[in-house]
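Hi,

Here is the model I said I would pass on. Have a look at it first, and then read on for my notes.

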Amino acid sequence: MTHLRASAAVGVLAFLLGAGSALAQGAAVAPVVSTAPTVEGGANGMALLRNPAAPDKSLIAATGEGGGLELYGLDGQRVGAVPGGEVYGVDVREHEGKPLLALLDRKGGRLRLAAYDFATGQATSLDAKPLTLDYAGEGVCLHRGARDGSLYAFTLGVAGQMDQWLLFPTADGKLDGRIVRRLHLSSEAKYCVSDDATGALYVAQEAVGVWRYDADPEAEAVPTLVDANRLGHIAGEVAGLALVDGGPSARFLAAANATAGDYNLYDRARDDAFVGTFRIGAGDQNAVENPSGLFALRGPLGDRLPAGALLVADDRKSGANMKVVSWADVAATLKLAVGDAAGSRPAKGFATVQPTMETRPVDHDGDAADDPAIWANPADPAKSAIIATDKKGGLLVYDLSGQPLQYLADGKMNNVDLRAGFKLAGRETILVAASDRTHKSIALYTLDPATRQLTSVADGVQATGLSDPYGLCMYRGRKGQTYVFVGDPDGLLRQWKLVAQANGKVRAVPVRDVKFDTQTEGCVADDETGALYVAEEDVALWKLGAEPTDRKAPRAIDRVATNPALKDDLEGVGLYRQAGGKGYLVVSSQGNNSYAVYRREGDNAYVGSFSVTADGAKGIDGISETDGLDVTSASLGAGLEDGAFVAQDGRNVFPPEHQNFKLVPWSAIAGALGLK
């Protein structure tokens, strides 16, 4: 299992202190409706299809094992069925104005998708192709991502498997799917539910307890323990999860505490703090004998269900059915706020774009890929190149399709930059510099524009004297000199002048030190204006002079503490140059998987932020936890006439592979942010 957050240990301690009274049963709430028994006798789960035109005519869609999906009115009468094999799980989201059903078909070993039309009373398959599982499926839940509205399905397996599928439309109006993240629990998980507004995913690991994950596939897969079997408020197995969203004052998680015969509620506005328990029915036919799934909807569903409903699948040996409880009754029993039927609204996200190319993954596992530099070929833009670092091995050169052209295993290269026009041995060359952590030096190369191959031109080891050469960027001075800046983790940024030697090699001569309080890495220099931009990871983006004679104190362009769009670490920095001194700075905000954009001119005003999300049709995942990036305004050929943005992908999840680099046309970023 993935490691726990530190807060989980605190939660377990709280459970232990309160466990003595945790399992006392709460007051009983009588069902408003009990449906007719399912045709084949099983009841594994259900979802409520809300009819927006007539909420009291909404339908209960219940899994009836071999009977497919059975449909019941809110009066409990069976009104039809949706064939779907041996259905063991169901969830629903709105899709193009209709309820979209996700069905886990255990017999077919697949995920099925269908749209229900209230006008015709028919369900239509949306499967573009069979979405097959390679394990015995146990449950399913849907999630609508807040970042870009993408639709996801989570499928759960008998051995603890948990796959996240991206569902995306095809040209003929169907839905296709790709697995974008694979997680694994240590034992069986059957129930899950997600909060579209906050991005929280709750998973019931039956013999252990309830976990909370971030549902964003680009997020770090670190679970937080909400409640635990034996140590907390759970007596044995969890037999269903549901979310009730009545807005900020009434957001709850319900869990069927099957062994104890009651239902736990947790306050999602207070980090899922335990609220209390209640029972359904009391020793009669209205009681739930064997809960096997929950579903909740806060919106009004007629006079008997003015604040929505909690549905329970009762998988009893005889007469398996669904029971409907008024949420208003539950709230009154536990003295909770009912809240607002409108529920919570997702926080406003950043503009989103999609990558059009990704490089072949680097050879090394873990945190290996780091920083790219773009070389735009002025003679043949389509023959441009991306030079990138593998900080566990060396330097790579890629073509614009992402295929490697060269790999140099010269050391642990962290950051890389380049400048054209460096005179060496009587000719102008393209000089490439990289921070070499193996030799604690500056690695120097020339790039052959014809072959796009690198050749070392360092005149021996160009030692930095730094404890760990980290960030790096280059600068062409006003008088034609070429410089390189290299940062140390202690905040020291050292500047060297690069000097051509008679033997055709290059030496680095130190000319200036600049000290920041804490670690820096990303930096970029503006050759036209003489400005140097440096990202102090946990603090700010700074601007200072790039000339070695400049002694003015750095000025903070933006700070992590004052701009909500920034979340440390601030990492890669790139410059999009336009005529007349205009253009944009782009900075990686690693902590929230986004990129902040600032104006090049004036006081470098903040323009906005964007994130890079997956393109399901192309099979390219989004970009997350970015270290280094580069951007160019030069044409890179067809489709990239306005230049491009290239960034390291810290979590290459689609499919799970070693880290790589992804490219986004600048025209897409400009369109998303409304840039000129």
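**Disulfides**

Let me start with the link of Cys141 and Cys192: it is left-handed, with -115° about the S-S bond. Cys141 sits in strand 12 (residues 137-144) and Cys192 in strand 16 (residues 189-194), so this pair ties together parts that are 51 residues apart in sequence. The two sulfur atoms are 2.1 Å apart, and both Cys141 and Cys192 are buried. Do keep in mind throughout that this is a predicted model.

How many disulfides does the structure hold? There are 2. The other joins Cys473 to Cys523, with 2.2 Å from S to S. About its S-S bond the angle is -115°, and the link of Cys473 and Cys523 is left-handed. Since Cys473 belongs to strand 37 (residues 472-476) and Cys523 to strand 41 (residues 520-526), the pair ties together parts that are 50 residues apart in sequence. Cys473 and Cys523 are both buried. If you count the bonded cysteines along the chain, the pattern comes out as 1-2, 3-4.

If you zoom in on strand 29 and strand 30 (residues 385-390), you will find them paired in the antiparallel sense over 5 bridges. For a landmark, take Ala373, whose bridge partner in strand 30 is Ile387.

The other is also an open sheet of 4 strands, ordered 33-34-35-36 and again with antiparallel pairing. Strand 33 (413-424) and strand 36 (454-456) stand at the edges with a single partner strand each, so one side of each has no neighbour in the sheet. From one strand to the next, the twist averages 35°. Between strand 35 (residues 441-447) and strand 36, which run antiparallel, there are 3 bridges. A handy place to look is Tyr445, which stands opposite Ser456 in strand 36.

**Glu70**

One residue I would like you to look at is Glu70, in strand 5 (residues 69-73). Is Glu70 buried or exposed? Its relative accessible area is 0%, so Glu70 is buried. The side chains of Glu70 and Arg78 are joined by a polar contact of 3.2 Å.

Leaving out residues up to four places away in sequence, Glu70 touches Thr38, Val39, Glu40, Ile60, Ala61, Ala62, Gly64, Arg78, Gly80 and Ala81.

Cheers

Methods. Residues are numbered from 1 along each chain as its sequence is written. This is a predicted model: local features need pLDDT of at least 70, side-chain atom pairs count only at pLDDT 80 or more; totals for chains, interfaces and linings use all residues. Side-chain values use heavy atoms; hydrogens and water are left out. Two strands pair if DSSP finds at least two bridges between them. Helices (H or I, at least four residues) and strands (E, at least two) are DSSP runs, numbered from the N terminus. Axes are lines fitted to C-alpha atoms, for helices over the stretch in contact, and angles run from 0 to 180 degrees between N-to-C directions. A disulfide is a pair of cysteine sulfur atoms within 2.5 Å. Buried means under 20% relative accessible area, exposed over 50%, partly exposed in between (1.4 Å probe, protein chains only). A polar contact is a pair of N or O atoms within 3.5 Å; within protein, one must be able to donate a hydrogen and the other to accept it, and residues adjacent in sequence count only if both atoms are side-chain atoms. Contact means heavy atoms within 4.5 Å.
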